Amino acid sequence: MGEEVDAQEFTGADRTRHREKVRRCLDVFARMLREARFDTDDPMTGLEVELNLVDEFGDPALKNSEALEAIADPDFQTELGQFNIEINVPPARLRESGLTVFEDSLRRSLNDAERKSSEVGAHLVMIGILPTLAEGHMSVASLSGNPRYRLLSEQILNARGEDITIAVTGSERLRTSADSIVPEAACTSTQFHVQTSPDQFAQYWNASQAISAVQLAVGANSPYLLGKELWRETRIPLFEQATDTRSEELKAQGVRPRVWFGERWVTSVFDLFEENVRYFPALLPITDEEDPLAVLQAGGTPVLSELRLHNGTIYRWNRPVYDINDGVPHLRVENRVLSAGPTVADTIANAAFYFGLVRALAESERPLWSQMSFSAAEENFHVAAQQGIDAQIYWPGVGQVQATELVLRRLLPMAQQGLEAWGASGAEIDRLLGIVEQRCLTGRNGAEWFVRQMRERAGDDRSDALRATLLDYRERMHTNEPVHAW
């Protein structure tokens, strides 16, 4: 989403031309799937982390352009809000100590970035929602300078025909409105990428959907928004509402939202791209000159830029990705469920749990998704987002169960098997899954720690308490001691 575009307006002819081109891309993509033109021999995994910027007092620092200039590292990129940046960690193979490589690379890059960005008054914080954000930060003036973001905001607001309403009820209630998609920028996430073959894509995507609730329960880290204690993973309802292009009337008609859990288990990656084209009008109908069929027939690899751009404006919690590396196309599942943080160690522990569990389930003889309805998986997802580590969810063969008990008794052993199949070392597996285990045993993840600290400061002014707790959080984040031990 950070790709540069020119500010522009779109005509009806632009939209018609773009729709035709997207459908042509979809036809070519289907042919590529039939002809097995994908890199599948030695799958890679990947990691992206979105970060918040704060000043020395813990308030948002609207300085991402200055911070990026100071950091001067191409792995760091702009994000939607001026108080955000993102790091793309180089991909790795888990059989080549990939988890350790991820951790070392991320720690080294973040330490270097913090040292440089602090010189311009911007400090990095890994947390799902910056708890010191205020209503004044939710204006279009807080958008990053990249014209693409302002264009995207305009298109979403135009599609709605009215301001965006944010309404979340948790421990407290919040209702506010915004005239831009800046509330989306409040949601900073960790994204895990797992490369897979076309034949196995559906299994990996279905497995990712099925376990997303468990990921949220043990990894929740965004309990506060605009001074209110809401869901343990408030990112979920905030993101769903902040990018919603539907008016109330369209919602009542059953029009699908752009932030989407989905509505069914799939049998092919094609199902997801085809749903994109069938259900969602383009937000950014930008069309290039590539003839994808001609490129394919000439023995090349088509970019399919319209199909990919369209996919980038449909915010599935597990998104299909078509990409090209060294002229060879490949497919990935992008798992977008979790908040950033609290520490690098916690982040890589979450990665180990996801990569191991998704492989074990994707390659099991009896698929989990054949034993539970899709609606049960979606309900689990929102229950876990609301309740966090105390969530009770449904699991086949068990019924309603405490998420932590399910993880301890069933899922950690499965994640271990999956990581062993990936070729991860025993030391990596024991240490990283041990962090997830300790979270479950102590009942403490990022959200729980933050809420408990705030309750100890209950007599203080709410804004002062949020700043003090965030500064304490930031200091502990730099120790890289996992949150269960805080």
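**Exercise 1.** Locate serine 109 in the secondary structure, classify it as buried or exposed, and list what it touches beyond four places in sequence.

*Solution.* Serine 109 sits in helix 3, residues 98–117; helices (H or I, at least four residues) and strands (E, at least two) are DSSP runs, numbered from the N terminus. The relative accessibility of serine 109 is 13%, so it counts as buried (buried is under 20% relative accessible area, exposed over 50%, partly exposed in between, with a 1.4 Å probe and protein chains only). With residues up to four places away in sequence not counted, serine 109 touches Phe76 and Ile87; contact means heavy atoms within 4.5 Å.

The model is predicted: local features need pLDDT of at least 70, side-chain atom pairs count only at pLDDT 80 or more, and totals for chains, interfaces and linings use all residues. Residues are numbered from 1 along each chain as its sequence is written, and side-chain values use heavy atoms, leaving out hydrogens and water.

**Exercise 2.** Describe where phenylalanine 261 is found and what it touches.

*Solution.* Phenylalanine 261 is in the loop between strand 10 (259–260) and helix 9 (269–279). Phenylalanine 261 counts as buried because its relative accessibility is 3%. Not counting residues up to four places away in sequence, its contacts include Trp205, Trp317, Phe374 and Phe381.
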